[in-house]
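Subject: Structure handover, helix packing

Hello,

Please find the structure below.

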Amino acid sequence: MVTAREEAPRLQDGSVDGHAWTQLLTENHKHLNAEPILAACEFVRSLPHRGEIYLENGIELAGLVADLEMDTSSVVAALTYRPVRAQDVNVSEMASLFGADVAHLLEDVASMATASILEMTNARLQTSERRDQVANVRHMLISLINDARVAVLKLAERVVALRAAKNSSEDRKQRIAREAHLIFAPLANRLGVWQLKWELEDLSLRYLVPDVYMAIAKQLDGRRAERERRVADIVEALEQQLRSQGIDASVTGRAKHIYSIWRKMQAKNVGIDQVHDVRAVRVLVDTIAQCYAALGVIHTQWRHIPSEFDDYIAAPKENGYRSIHTAVLGPDGLTLEVQIRTREMHQEAELGVCAHWAYKESDSEERPFSEKLNWLRQVVELGDESLSATNGGEDFGAELQQLFEEERIFVYTPAGHVVDLTRGATPLDFAYRVHTEVGHRCREALVNGRPAPLNSRLETGQQVEVLTADEGGPQRRWLEPHLGFVHTSRARQKIHEWFRSRDFEVNLEEGRALVAEVFSDLGVAAPSSLMWQNAARELAFAGVTEMLVALGAGDLSVVEVIDLLIAEKLESPQLSLIPEPDIEASKICRLEVKSPDRDGLLLDIATLLAEEEIPLLANWGRVDRESGCAIITLEIPFPGLKALAGIVDQLKCVEGVTQARRVP
């Protein structure tokens with residue numbers, strides 16, 4: 001297979017001639033701007049150690065992207081993708097050098113490459129959910145596409161990777177071929193980018209089933225000269241016949257794709273001689289009327305095979321594909337497939353989404369970005385019959401439609417397994433999604449390699465690693481809605497089940513301790529027995545014991561109980577250990593926070609207060625030399641006891657914080 005890398009102009013030392021290559025590219029594609037493309041070539045070449053290698057790869061990808069009629073930003077992104085992917089240069093630098101549009105493309109394409117998509121292992125997750133991985137990965141990729149160019153760039157990058165895989169290890173060949181077969185070829189089909197689809201399919205078949213691929217290729221090559229001579233004779237005869245009927249048509253022999261031949265042999269259980277598109281021609285005309293006129297000429301000239309006729313002009317495929325397909329018995333009595341379409345339809349068939357996406361600035365006002373993106377979403381939401389043969393009959397379109405309705409996110413494990421969660425999910429939700437025991441023993445989480453709170457919100461494309469304890473169970477505060485530790489019903493259910501399974505006495509003491517801790521943190525005396533009884537009655541429990549058991553088991557939120565007890569406390573200020581501020585005279589409240597000292601601790605605390613819209617009036621602190629514990633005092637406006645209880649709870653969720661309480 002000849003690639004753009006092999007065709008590139010060379011300097012005397014054998015390296016790529018960036019000036020000559022850019023000139024040739026922009027001459028063939030008039031819409032491209034040579035200046036930024038040449039600048040990108042020179043920038044990539046200047047990178048230390050691997051600059052020339054990056055440029056070799058970049059021009060192949062950029063040439064493929066340019067052939068798809070993509071814009072200048074896409075070509076520049078293609079040239080610079082490999083060093084960005086290898087983290088030899090960052091996106092911010094690319095933005096300063098080539099603009100925000102290029103930087104956004106690079107960032108989004110790189111985000112689609114963070115997972116080793118189909119690293120199948122014997123881990124419990126994969127044993128139970130192996131079938132779901134393909135759908136999860138497709139969903140993740142689609143959810144990352146905010147610009148159709150991103151999808152096309154990623155597909156083109158996979159084609160280049162497959163071309164280069166012939167020199168790779170067998171394991172790598174198998175992995176990227178599976179990715180192409182199960183993920184990227186169907187995506188290219190959904191977007192209608194046939195130039196990429198057929199190569200993804202052919203190369204994946206070459207690596208996955210090499211014996212089959214080589215057998216078909218050998219049969220095709222063995223009769224290639226004779227077949228090409230016969231097709232050439234048919235092309236010439238058909239052009240003359242159409243011209244005699246006043247039809248201005250271009251007739252060409254159509255490319256024979258090995259994967260397509262293999263699929264038809266499999267589906268119909270026939271040999272290669274009976275596959276109709278081994279010999280094929282394509283007829284291009286100017287109008288739809290001429291399409292049907294050409295069809296009449298062809299069916300008059302040769303006997304057609306009724307079972308092989310499809311009119312995708314009258315009833316286009318769901319991805320927008322339009323053409324007339326027919327098969328006839330040619331002049332030699334052998335089957336011949338014929339495709340008939342207008343030249344505009346042909347451009348759409350070859351370029352798919354690229355043909356629909358106007359990149360020129362002059363067109364931006366006529367077709368707003370939102371409309372273009374909506375068109376893409378509609379395309380990928382539609383079904384695809386071809387997938388049924390490779391994914392167990394799942395309907396890709398239905399899955400995607402459900403995805404967008406449910407607002408899913410897709411994150412991955414350090415091993416590359418993709419996990420789907422509802423939007424708003426946390427690392428703790430992720431832990432329970434992997435396995436219940438992983439969730440129960442979860443104590444810390446790393447998101448993209450950095451520590452993250454268990455109640456932080458995850459985003460699509462992030463890598464999540466859960467750090468677990470050797471033993472133990474969930475923490476009771478995980479069930480408090482205002483702390484936001486769990487978002488998914490699965491996680492909440494599993495935590496509830498664990499606490500409900502505990503002994504009656506354990507939950508009773510847990511409930512009592514939870515309330516006592518809140519009152520201690522607020523600097524307020526413990527509730528009286530009368531206050532307990534009033535709260536139980538308000539919450540419709542038979543008695544205080546039943547209320548405390550429900551509280552310890554997680555069937556009752558601490559907030560619900562504290563709201564009632566604090567309301568009574570405010571009516572009995574004489575019970576306070578710390579005198580309540582005179583709202584008219586003073587609005588200052590002091591909080592003490594303890595945590596192992598670390599960089600960014602005060603910043604995290606200040607950020608939390610800012611998110612809760614609590615002004616930080618003053619702060620001071622010290623570090624205990626023996627324990628290494630930081631003790632920080634905060635001054636904030638007094639928000640009232642109810643709100644203060646929530647703030648103290650939130651402070652305890654800051655990474656490392658072991659204590660947060662109100663002080664005089």
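α7 and α9 cross in a right-handed sense (right-handed means that the near helix is turned clockwise from the far one by less than a right angle, left-handed that it is turned anticlockwise). Helix α9 covers residues 148-164, and its axis lies 9 Å from that of α7 at an angle of about 55 degrees. The two are therefore oblique to each other (under 35 degrees is roughly parallel, over 145 roughly antiparallel, 65 to 115 roughly perpendicular, and the rest oblique). On the α7 side the contact uses D101, L105, D108 and V109, and on the α9 side R149, V150, L153 and K154 (contact: heavy atoms within 4.5 Å). By class this contact has 4 nonpolar, no polar and 4 charged residues.

The model is predicted: local features need pLDDT of at least 70 and side-chain atom pairs pLDDT 80 or more, while totals for chains, interfaces and linings use all residues. Residues are numbered from 1 along each chain as its sequence is written, and side-chain values use heavy atoms, leaving out hydrogens and water.

α7 (residues 100-111) also packs on α6 (residues 91-98): the axes come within 7 Å and cross at roughly 150 degrees. α6 and α7 are therefore roughly antiparallel, and their crossing is right-handed. V91, M94, A95 and F98 of α6 meet A100, V102, A103, L106 and E107 of α7. This contact of α6 with α7 has 8 nonpolar, no polar and 1 charged residues.

Helices are DSSP runs of H or I with at least four residues, numbered from the N terminus. Axes are lines fitted to C-alpha atoms over the stretch in contact, and angles run from 0 to 180 degrees between N-to-C directions.

Regards

How values were computed: Nonpolar A, V, L, I, M, F, W, Y, C, P; charged D, E, K, R; others polar.
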